[in-house]
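Hi,

Here is the structure I promised to pass on. Have a look at it first, and my notes follow below.

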Amino acid sequence: MPLTHGQVEPLLEGSAASEVRRQTPREWIRSFDLIRASAIMLVVFAHGRVLLPQFWRGDYWFAPAHWGIELFFALSGYLITGQAIKLATASNWKASKNFFMRRFLRTLPLYWLVILVIGLLMDTSPQDILANAFFLPTLPLAPQGPSGLIPVAWSLGIEEVSYLLIGLSATTIGRCLPSGCDRRSAACLRLAGLHLSLIVLMLFARWMASRNGFGFEQIKASTVLQLDALSYGGLSAIVLAHPRLRGWFPCGESMPPARTGTLILVLISTLLAMMGLGLALRFGFLLLQANSQFQNSTVILSQLVVSGHGFSRVICAILILLAALVPLRSVMPSHRRRWRLLVDIPASSSYSLYLVHLPILGAFRTLPPPTPLPITFLLYTFASLLAGWFLYVVVEIPLLNLRNRFREAPPGPS
């Protein structure tokens, strides 16, 4: 029996799940749908620019795929940390089992299916298919940057390892909390310590890697250097979940108009900051490519670009925090057709779309005519959306129904 619109999960940050829409409207953050839709379309557009004529691509100033992936990281961190707080507070093995089963069903079965199909179509050896299924090309220091059957799998590898790390940490925290304490506050503080430690450790590790000659693409695709990718969004979740902090951020449709207007202005300022930093990072990356023969400038530029990308995660986390505070349900109702077409469909199918758009792009790049044309780009975009939605309906919705059996963790002691 198919899910109704009120039951379908609006997902998908390329990985972490939001709460199913059987939740109350107060729990359902409509703004996150807009972020998912925007992020996945940025990725689809950025990768598909090769199908456009040269003067339409914006190769020298516009590379939005970075922002799409970083938004997915921030959103994943926010959602997973919120679940981890509940897991630590519950402090029982059934809650841990539910957490890991939801994570498994959300991401891996569909990923394995796509990997298997692509591997068979490309006549890939079983050993390579198995290595890709467990993200082995991305787990160590990536020697040549993104690689594998699905080039964007490096980001999924980062998320899967982060889910495992955060889940195990939350389970351990829950078992170690002293009796009689405010379990929610204590869980928030200890998870915040985990995220801050990861941020400091990974910033130092990336700095050392850049000093030792690792390029940006190698650092980006190396899971062992990106374990803080979800931590920035996770800290945003802790700010709104901690009992002593959440009172500072009243949110919802009852928010005073003046405060709503202030938050919207801050939101717009954050978007402008994203644009400015994106241009600066693109300029630095292009300089890094152009000056690769000059060793000293390459090291300096590499460190600046890597540092800039770390700062971009802070901006994305702020954007996620603001999106959780700014009420958009009244201006973006889910029952309106235009919002379903522009927001709900790409948001719901964004994980499937993330997995299939590059194989579809590869197929379109082999088609005549050899000269890129706008119509080819439009066909690629439409084919990607159609394939993503098909996978969502045929594969993801049944998995979401199965996943709902593991959704509710038993309440722990207060």
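Let me start with Glu70, which is buried at a relative accessible area of 6% (buried means under 20% relative accessible area, exposed over 50%, partly exposed in between, with a 1.4 Å probe and protein chains only). Its side chain meets that of Arg313 in a salt bridge, 2.9 Å from N to O (a side-chain nitrogen of Lys or Arg within 4 Å of a carboxyl oxygen of Asp or Glu). Arg313 sits in helix α11 (residues 295-325) and Glu70 in helix α3, 243 residues apart. Helices here are DSSP runs of H or I with at least four residues, numbered from the N terminus.

Before going on, a word on the model: it is predicted, so local features need pLDDT of at least 70 and side-chain atom pairs count only at pLDDT 80 or more, while totals for chains, interfaces and linings use all residues. Residues are numbered from 1 along each chain as its sequence is written, and side-chain values use heavy atoms, with hydrogens and water left out.

Back to Arg313, which counts as buried at 6% relative accessibility. Its side chain also forms a salt bridge with Asp228, at 3.3 Å from N to O. Asp228 lies in the loop between α8 (216-220) and α9 (231-241), so this pair ties together parts 85 residues apart in sequence. Asp228 is buried too, like Arg313.

Another pair is Glu396 and Arg106, with their closest N and O atoms 2.8 Å apart in a salt bridge. Glu396 belongs to helix α14 (residues 374-403) and Arg106 to helix α4, 290 residues apart. Glu396 is buried at 1% relative accessible area, and Arg106 is buried at 3%. In total there are 7 salt bridges, and Arg30, Asp33, Arg36 and Asp344 are linked in a network of them.

Helix α4 deserves a look of its own. This helix covers residues 93-121 and bends by about 35° at Leu105, with Pro109 following within four residues (the bend is the angle between axes fitted to the seven residues ending there and the seven starting there). After α4 comes Asp123, with a positive phi near 55°. Asp123 is exposed, at 70% relative accessibility. Phe135 also has a positive phi, of about 60°, although it is not a glycine; by contrast, Phe135 is buried, at 8%.

Finally, Leu355 touches residues including Leu110, Tyr111 and Ile150, leaving out those up to four places away in sequence (contact means heavy atoms within 4.5 Å).

Best wishes

Notes:
Helix = DSSP H or I, 4+ residues; strand = E, 2+ residues; numbered from the N terminus. Expected span 1.5 Å × (residues − 1).
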